[in-house]
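Here is a friendly briefing to read alongside the model. Please have the sequence and the 3D view open as you go.

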Amino acid sequence: MSGDCLDLLVNGRLTVLGRIASASNLTVACEVTDGERTEQCVYKPIRGEEPLWDFPDGTLAGREVASYLVSEELGWGLIPETGLRATGPDDIDLGPGMVQRWIHQREDGRSDREDQELDPVDVVPEGAVPAGYRGVLHAYDPRGDAVVLVHADTDRLRRLAVLDVVLNNADRKGGHILVDTDGRLFGIDHGICLHADDKLRTILWGWAGGEVPAAEAADLARLVTVLDDENAALRVRLSSLITTSEIDALRRRAARLADDGGMPLPPEARAIPWPPF
Ligand SMILES: Nc1ncnc2c1ncn2[C@@H]1O[C@H](COP(=O)(O)OP(=O)(O)O)[C@@H](O)[C@H]1O
Ligand SMILES: [Mg+2]
């Protein structure tokens with residue numbers, strides 16, 4: 001249950017498993033336990049955040065937690081449990097930071113893979129976009145062969161694309177979409193979301209200009225009602241994580257999508273994060 005898991009993440013004892021070298025900020029893989037239950041998680045200390053000129057307010061950790069709260073309010077469960085902790089692991093306590101449940105992925109990258117199943121975001125040769133996929137970008141690989149960046153055409157990934165528009169996600173790369181061992185898809189790394197200005201940068205453009213599905217539109221309409229209530233728990237929590245103008249912008253984006261403003265079209269510049277994975 002997500003409430004129990006959050007409590008464990010925020011109040012349990014953390015121990016370091018290792019630093020994630022590929023991360024752009026300080027990201028530490030940890031184990032968290034209360035003596036009875038144990039989970040793996042990431043810990044991103046606020047102290048390890050590189051300052052970003054275009055995100056001067058608040059913290060990246062706060063934006064990750066705010067994004068999780070929005071996903072939960074919508075009932076979409078697309079972001080693993082994410083909370084703020086006052087302290088880090090005993091051995092390298094770097095102070096307050098965000099913690100997020102670790103998504104255990106399928107054994108991928110095996111050389112003996114028989115299924116040859118594509119990832120939710122992948123690259124295929126030009127002209128070979130398989131059924132169930134949408135092509136989003138034509139390019140040349142390092143050998144000069146024509147390729148297409150594709151993503152899966154599933155309801156859950158489409159819902160993540162809608163969430164990214166609501167969150168104004170400035171960095172939805174392929175590597176930030178994980179599939180757990182049960183085949184459930186999640187989005188991670190929401191440190192540069194929720195800015196008041198339009199900053200959507202994503203590889204999930206396969207539904208651009210299309211309709212927002214009715215179920216998602218109804219959930220978004222509910223979110224708007226909640227955000228209109230000054231005393232709603234979500235609004236109160238968001239106020240401690242992002243600015244008032246960012247909350248107002250979140251409400252505007254949700255309302256536009258709920259009233260079927262449709263899925264946005266890619267902007268002329270900087271539509272795709274680079275590298276895309
Ligand atoms: N909740 C998670 N579950 C599984 N792996 C994760 C999770 N969060 C991060 N990772 C792994 O750590 C890497 C770096 O994390 P990320 O959130 O992208 O950090 P940064 O903010 O520094 O870019 C990810 O690419 C992914 O491989
Ligand atoms: Mg990242």
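Strands β7 (residues 133-140) and β8 pair in the antiparallel sense, with seven bridges between them. Strands here are DSSP runs of E of at least two residues, helices are runs of H or I of at least four, and both are numbered from the N terminus; two strands pair if DSSP finds at least two bridges between them.

This is a predicted model, in which local features need pLDDT of at least 70 and side-chain atom pairs count only at pLDDT 80 or more, while totals for chains, interfaces and linings use all residues. Residues are numbered from 1 along each chain as its sequence is written, with chains lettered from A and ligands numbered from 1 in the order in which they are written.

**Strands around β8**

- Ala139 stands opposite Val147 of β8.
- The β7 and β8 hairpin has five residues between its strands, and Gly144 takes a positive phi near 90 degrees there.
- β8 also pairs with β6 (residues 121-125), in the antiparallel sense and over five bridges.
- In that pairing, Pro125 has Val147 as its bridge partner in β8.

**Two domains**

- The domain assignment gives domain 1 (2-105 + 154-258) and domain 2 (121-152); such bounds come from an automatic or database assignment.
- Between the C-alpha centres of domain 1 and domain 2 the separation is 28 Å.
- Eight residues of domain 1 are in contact with six of domain 2, where contact means C-beta atoms, placed from the backbone, within 7 Å.
- On the side of domain 1 that touches domain 2, five residues are nonpolar, three are polar and none is charged. Here Ala, Val, Leu, Ile, Met, Phe, Trp, Tyr, Cys and Pro count as nonpolar, Asp, Glu, Lys and Arg as charged, and the others, Gly among them, as polar.

**The largest nonpolar core**

- The largest nonpolar core holds 58 residues, and Val166 and Leu257 have the most contacts inside it. Such a core is a set of buried Ala, Val, Leu, Ile, Met, Phe, Trp, Tyr and Cys residues joined through C-beta atoms within 7 Å.
- Helix α3 (residues 155-167) gives the most to this core, with eight residues.
- Domain 1 and domain 2 both give residues to the core, so it lies between them.
- Not counting residues up to four places away in sequence, Val166 touches Val70, Leu220, Leu250, Arg253, Ala254 and Leu257.

**Helix α3**

- α3 has 13 residues and reaches 18 Å from its first C-alpha to its last, close to the 18 Å expected at 1.5 Å a residue; the expected span is 1.5 Å times one less than the number of residues.
- Eleven of the 13 residues of α3 are buried. A residue is buried if 20 or more other C-beta atoms, placed from the backbone, lie within 10 Å of its own, exposed if 12 or fewer, and partly exposed in between.
- The buried residues of α3 include Arg158, Arg159 and Asp164.
- These buried residues pack against α2 (60-73), β8 (146-152), β10 (185-187), α4 (214-227) and α6 (244-258).
- Just after α3, Asn168 takes a positive phi of about 60 degrees.

**Two buried residues to look at**

- Glu73 is in helix α2 and counts as buried because it has 20 C-beta neighbours inside 10 Å.
- Apart from neighbours within four places in sequence, Glu73 is in contact with Leu223, Val226 and Leu234.
- Pro45 lies in strand β3 (residues 38-45) and is buried, with 22 other C-beta atoms within 10 Å.
- Apart from neighbours within four places in sequence, Pro45 is in contact with Leu26, Gly88, Leu94, Gly95 and Gly97.
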